[in-house]
Amino acid sequence: MRRLALRLILVTISMVLGQTTSVAQQIERPEPAPTYLGFDRNEYPGDENLKPLRQTFSYAGFWLNHPPGGKTNTWTGKRQVVQSAGFGFLLLFNGRLYAELKTVSNATGLGKSDAQAALASARREGFPTGAIIFLDQEEGGRMLPEQKAYINAWADGVAAAGFRPGIYCSGIAAKEDGGVSIVTAEDIRQNVARRKIAYWIANDACPPSPGCAFPRRPPSPAESGIAFADGWQFAQSPKRRDVAAGCPANYNRDGSCYPPGIDLTRRLHVDLDTAASADPSQGRTP
């Protein structure tokens with residue numbers, strides 16, 4: 001009987017310790033930070049499509065000037081409509097290509113004037129002071145002196161006006177001669193000195209991207225491979241076959257990514273984004 005009692009005591013102690021360890025593990029394991037799904041596209045999706053898009057997305061990319069390859073900006077004048085539909089904002093300003101910069105001096109001047117253009121557009125649309133404006137840096141690899149001068153001058157101009165500069169750039173390693181790999185986001189961050197810049201990372205390679213997917217809990221920006229990322233564009237339309245060749249077969253057969261709830265015949269393709277905020281540019285107003 002004594003042996004049996006001893007065994008019961010040991011079993012009871014073991015169970016209590018096990019429960020204590022389990023509770024401690026639960027306490028020590030923090031809840032993952034919330035993430036939010038967003039979309040961006042060069043052309044405004046149309047007022048009639050905002051409601052079904054809002055069923056899937058928390059925020060929308062909003063261009064402050066002509067998007068890449070565009071001759072007009074169809075987002076102009078749509079801020080209030082987009083906000084009224086319940087969206088937060090990802091503010092985008094299309095930056096200059098290297099061929100336009102010419103010299104460091106010219107690049108600096110263009111950075112200053114483009115900052116003023118971005119600010120004027122943001123104010124005209126009614127975005128609040130303090131909002132984050134992301135400069136779209138389309139070209140990847142190591143930034144050349146002219147590109148660095150342009151980016152820094154643009155960021156200084158935006159910050160001086162009370163807005164916060166951000167940059168959209170590649171998070172994919174680009175190979176240079178000699179086998180050296182350069183990640184654009186890291187290269188830019190190393191050359192902006194103490195400037196406080198937000199980073200929106202483009203990486204549509206699978207992995208880490210889930211491809212054209214609409215998860216209830218989107219991946220965190222850090223899962224892009226860039227630990228300091230504030231946001232991550234993880235899918236593009238059309239699918240970049242050289243980069244996203246390893247992605248799941250969840251893109252449409254035509255290579256584009258179409259959101260749920262929208263008739264496919266409308267061909268309303270989107271790029272997909274994730275962020276830790278439902279209003280990553282802090283562009284909503286009361």
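To start, which cysteine forms a disulfide with Cys212, and how far apart are their sulfur atoms?

Modeller: Happy to. First, some ground rules: this is a predicted model, in which local features need pLDDT of at least 70 and side-chain atom pairs count only at pLDDT 80 or more, while totals for chains, interfaces and linings use all residues. Residues are numbered from 1 along each chain as its sequence is written, and side-chain values use heavy atoms, with hydrogens and water left out.

Now to your question. The partner of Cys212 is Cys257, and their sulfur atoms lie 2.1 Å apart; a disulfide here is a pair of cysteine sulfur atoms within 2.5 Å. The torsion about the S-S bond of Cys212 and Cys257 is about 80°, so this disulfide is right-handed. Because Cys212 sits in the loop between strand 8 and strand 9 and Cys257 in the loop between strand 9 and strand 10, the pair ties together parts 45 residues apart in sequence. (Strands are DSSP runs of E, at least two residues, and are numbered from the N terminus.) Cys212 and Cys257 are both buried, where buried means under 20% relative accessible area, with a 1.4 Å probe and protein chains only.

By the sulfur rule, the count comes to 2 disulfides, so let me show you the other one. Cys206 and Cys247 form it, with their sulfur atoms 1.9 Å apart. The link of Cys206 and Cys247 is right-handed, with 80° about the S-S bond. This pair also links distant parts of the chain: Cys206 is in the loop between strand 8 (198-202) and strand 9 (231-235), while Cys247 is in the loop between strand 9 and strand 10 (271-275), 41 residues apart.

If you come across Cys169 while browsing the cysteines, its relative accessibility is 1%, so Cys169 counts as buried.

Key:
Helices (H or I, at least four residues) and strands (E, at least two) are DSSP runs, numbered from the N terminus. Buried means under 20% relative accessible area, exposed over 50%, partly exposed in between (1.4 Å probe, protein chains only).
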